[in-house]
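Subject: Structure for you to look at

Hello,

Here is the structure I said I would pass on. My notes on what was found follow it.

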Amino acid sequence: MVRTLFVALTLVAAFLTAAVTRDALAERIAAADRSDADRARDADRKPAAVLAFLGIEPGMKVLDAIAAGGWYSEVLAAAVGPDGKVYAQNPDFVLKFREGANDKALTARLAGGRLPNVERVDADLADLPVADGSLDAAFTALNFHDIYNNPGGEEAALAFLTTVARKLKPGGVLGIVDHQGSAGQDNQALHRIEKRLVVEVVAKSPLVLEAESDVLANPADDHTQQVFAPGIRGKTDRFVLRLRKPAS
């Protein structure tokens, strides 16, 4: 009886702590000087809930891997605060995609030093100019499917995880958000990936799958549409995974 009560109280305490963390993150993100267009995407992307699940806190040093135009980089900048640091990393092909749309968006976002705790890194992940074992956390949103589905497949995905793991501190976290796919579908064409495939690659990597969240789940998405299709774009069924580098 006593043990059951202790477990119950522990779970309640953990829930309340998570709620406080989420609310604090929401306040910092709400207070940040963000554009109306960026804020309009919060309802579907739920940044405070996602970053709270990943354990992002003020003062952390965080990598936004394949940051594209930097929407999440700016949210992370608000989350880690002035004493933290965000590396917005993009390989060359991502910056050149769609006639340089990501390059232009990121340039505008960082213009005039408006995000002083964000450092732009135009380089392959392997060339990230940070010391091994120095990052508290890393994050990548809606990118893992492209790494896995393109030439290189599972080997390229494993290399990505291994490189991120090398840059993380012991106990550091990698968050992955991606569009859920289904078996039997052409997930490469749909820009999706089955969660189980990500889990299988993680099991071969230096990282450990610690938890997953359904905060971005959307049961109305049947996984048969291309993620950029009208009506589903921005509202796909998404999984959120928290991977951790073992402390020893």
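Apart from its neighbours within four places in sequence, Leu51 is in contact with Leu25, Ile56, Val75, Leu76 and Ala79. Please keep in mind that this is a predicted model.

**Cores**

Leu51 belongs to the largest nonpolar core, which has 35 residues. Together with Ile56, Phe139 and Val177, Leu51 touches the most other members of that core. The elements that each supply two or more residues to this core are helix 1 (2-31), helix 4 (47-54), helix 5 (71-80), strand 2 (85-90), helix 6 (92-110) and strand 4. Helix 5 is the main contributor, giving 8 residues. There is also a second, separate core of 31 residues, and Tyr87, Val164, Phe239 and Leu243 are among them.

**Aromatic residues**

The whole structure holds 3 aromatic pairs. One of them is Trp71 with Tyr72, in an edge-to-face arrangement with 4.8 Å between the centres and 80° between the planes. Both partners are buried: Trp71 has a relative accessible area of 5%, and Tyr72 has one of 6%. With Phe139 they make up one aromatic cluster. Phe139 is also one of the residues named above for touching the most other members of the largest core.

Two arginines sit over rings. Arg45 lies over the face of Trp71, 4.7 Å from the ring centre. Arg242 lies over the face of Phe53, also at 4.7 Å from the ring centre.

**Helix 8**

Does the length of helix 8 fit its residue count, or depart from it? Helix 8 covers residues 153-167, which is 15 residues. At 1.5 Å a residue these should span 21 Å, and the end C-alpha atoms are 22 Å apart, so the two agree.

Its buried residues are Gly153, Ala157, Phe160, Leu161, Thr163, Val164, Ala165 and Lys167. Of these, Val164 is also listed in the second core. The cover over the buried residues of helix 8 includes strand 1 (61-65), strand 4 (135-141), helix 7 (144-149), strand 5 (168-179), helix 10 and strand 7 (238-244).

Helix 10 spans residues 195-203 and contains Leu197. Leu197 counts as buried because its relative accessible area is 15%, under the 20% cut-off. Leu197 and Ala157 are 40 residues apart in sequence, and their C-alpha atoms are 10 Å apart in space.

Strand 1 is mostly covered, with 4 of its 5 residues buried.

**Asn117**

Val86 comes up again in the surroundings of Asn117. Asn117 is in the loop between helix 6 and strand 3 (118-122). Not counting residues up to four places away in sequence, Asn117 touches Ala77, Val80, Gly81, Pro82, Gly84, Lys85 and Val86.

Regards

Conventions:
Residues are numbered from 1 along each chain as its sequence is written. This is a predicted model: local features need pLDDT of at least 70, side-chain atom pairs count only at pLDDT 80 or more; totals for chains, interfaces and linings use all residues. Side-chain values use heavy atoms; hydrogens and water are left out. Buried means under 20% relative accessible area, exposed over 50%, partly exposed in between (1.4 Å probe, protein chains only). Rings of Phe, Tyr and Trp (its six-membered ring) pair if their centres lie within 6.5 Å; planes under 30 degrees apart count as stacked, over 60 as edge-to-face and the rest as tilted. A charge sits over a ring if NZ of Lys or CZ of Arg is within 6 Å of the ring centre and within 35 degrees of the ring normal. The expected span of a helix is 1.5 Å times one less than its number of residues. Contact means heavy atoms within 4.5 Å. A nonpolar core is a set of buried Ala, Val, Leu, Ile, Met, Phe, Trp, Tyr and Cys residues joined through side-chain atoms within 4.5 Å.
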